[in-house]
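Dear colleague,

Here is the structure I said I would pass on. My notes on it follow below.

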Amino acid sequence: YVRFHLISPLIQQSAENIVLFDTFVSILSHNLGEPAYEADVAQLEYKLVAGEHGLVIRVKGFNHKLPLLFQLIIDYLSDFSFTPAVFEMITEQLKKTYFNILIKPETLAKDVRLLILEHGRWSMIDKYQTLMNGLSIESLSSFVKAFKSQLFVEGLVQGNFTS
C-alpha cells in the first residue's frame with residue numbers, strides 16, 4: 001500500500017485554482033486510463049484524488065510490480081499534456097458534476113456548512129460560476145507548471161517493502 005499526498009498552497013488561493021486543479025486531476029486520470037489498464041488486470045489498484053490541499057495518489061497491490069505503477073503515474077504527472085478535445089470533454093464533465101452537487105440539498109447544505117466553518121474555503125457556487133465563465137487551455141498549462149513547482153510531499157508506504 002503506497003499513499004502520497006502532493007500538497008500545494010496554490011490550490012486554495014482562488015476558486016479558479018480549485019477548478020483548474022480539478023480539471024488537471026481529471027485529465028491526468030483520463031490520460032492514465034489506457035497505460036494503467038495492464039496494471040488493473042494484474043490486480044494492482046490506483047486512485048488519484050483531488051483533495052482540498054493537493055493530489056492524493058493511492059496505489060495498492062502486489063509489491064513486486066507496485067513501484068512500476070507508481071513510476072508510471074509520476075511520469076504522466078511530470079510530463080503532463082493534453083489535447084484541446086480532452087480539455088473540452090473534461091470541463092463539460094466537471095460542469096455536470098458541479099451542477100449535480102448544487103441541485104442536491106444535502107450536498108449543498110454540507111458545502112454551505114463547511115463554508116461557514118472553514119476559513120478560506122470557496123463555495124461550490126463560486127467554483128461552478130468560474131467554470132461557466134470558461135477556462136483557457138493556457139491557464140491550465142500555467143497552473144500545472146506552478147503546481148509542480150510548489151509541492152510538498154507526504155508519503156506512507158506499508159507492507160512488504162524494503163527501506
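In these notes, a residue is buried under 20% relative accessible area, exposed over 50%, and partly exposed in between (1.4 Å probe, protein chains only). By that scale arginine 121, at 21% relative accessibility, counts as partly exposed.

The model is predicted, so local features need pLDDT of at least 70 and side-chain atom pairs count only at pLDDT 80 or more, while totals for chains, interfaces and linings use all residues. Residues are numbered from 1 along each chain as its sequence is written, and side-chain values use heavy atoms, with hydrogens and water left out.

Salt bridges

A salt bridge here is a side-chain nitrogen of Lys or Arg within 4 Å of a carboxyl oxygen of Asp or Glu. The whole structure has 5 of them. Arginine 121 pairs with aspartate 111 at 3.8 Å, N to O. Helices (H or I, at least four residues) and strands (E, at least two) are DSSP runs, numbered from the N terminus. Aspartate 111 sits in helix α5 and arginine 121 in the loop between α5 and α6, so this pair ties together parts that are 10 residues apart in sequence. Aspartate 111 is buried, at 7% relative accessible area. Both residues belong to a network of salt bridges that links Glu52, Asp111, Glu118 and Arg121.

Lysine 60 and glutamate 45 form another salt bridge, with the closest N and O atoms 3.9 Å apart. This pair links distant parts of the chain, since lysine 60 is in strand β3 and glutamate 45 in strand β2, 15 residues apart. Lysine 60 is partly exposed at 39%, and glutamate 45 is partly exposed at 44%.

Lysine 95 bridges to glutamate 92, with 3.2 Å between the closest N and O atoms. These two are 3 residues apart in helix α4, and are therefore separated by about one helical turn. Lysine 95 is partly exposed at 22%, as is glutamate 92 at 38%.

Core

A nonpolar core is a set of buried Ala, Val, Leu, Ile, Met, Phe, Trp, Tyr and Cys residues joined through side-chain atoms within 4.5 Å. The largest one has 41 residues, and Phe24, Leu55 and Phe147 have the most contacts inside it. Elements giving two or more residues to this core include β1 (2–7), α1 (15–32), β3 (54–60) and α7 (137–149). The largest share, 9 residues, comes from α1.

Serine 139 counts as buried, at 16% relative accessibility.

Surface and loop

Val112, Ile116 and Leu117 form a nonpolar surface patch with about 320 Å² of accessible area together. Patches are made of residues with over 30% relative accessible area and no salt bridge, where like charges are joined within 9 Å and nonpolar side chains (Val, Leu, Ile, Met, Phe, Trp, Tyr) within 5 Å. Areas come from the Shrake-Rupley method with a 1.4 Å probe. Isoleucine 116 lies in helix α5 (residues 105–117) and is exposed, at 67%.

Glutamine 43 is in the loop between α2 (37–41) and β2 (45–50). Its phi is near 65°, a positive value in a residue other than glycine. Glutamine 43 is exposed, at 54%.

Annotation

UniProt, in an unreviewed entry, places "domain: Peptidase M16 middle/third" at residues 1–129; such annotations may be inferred rather than shown by experiment.

Regards
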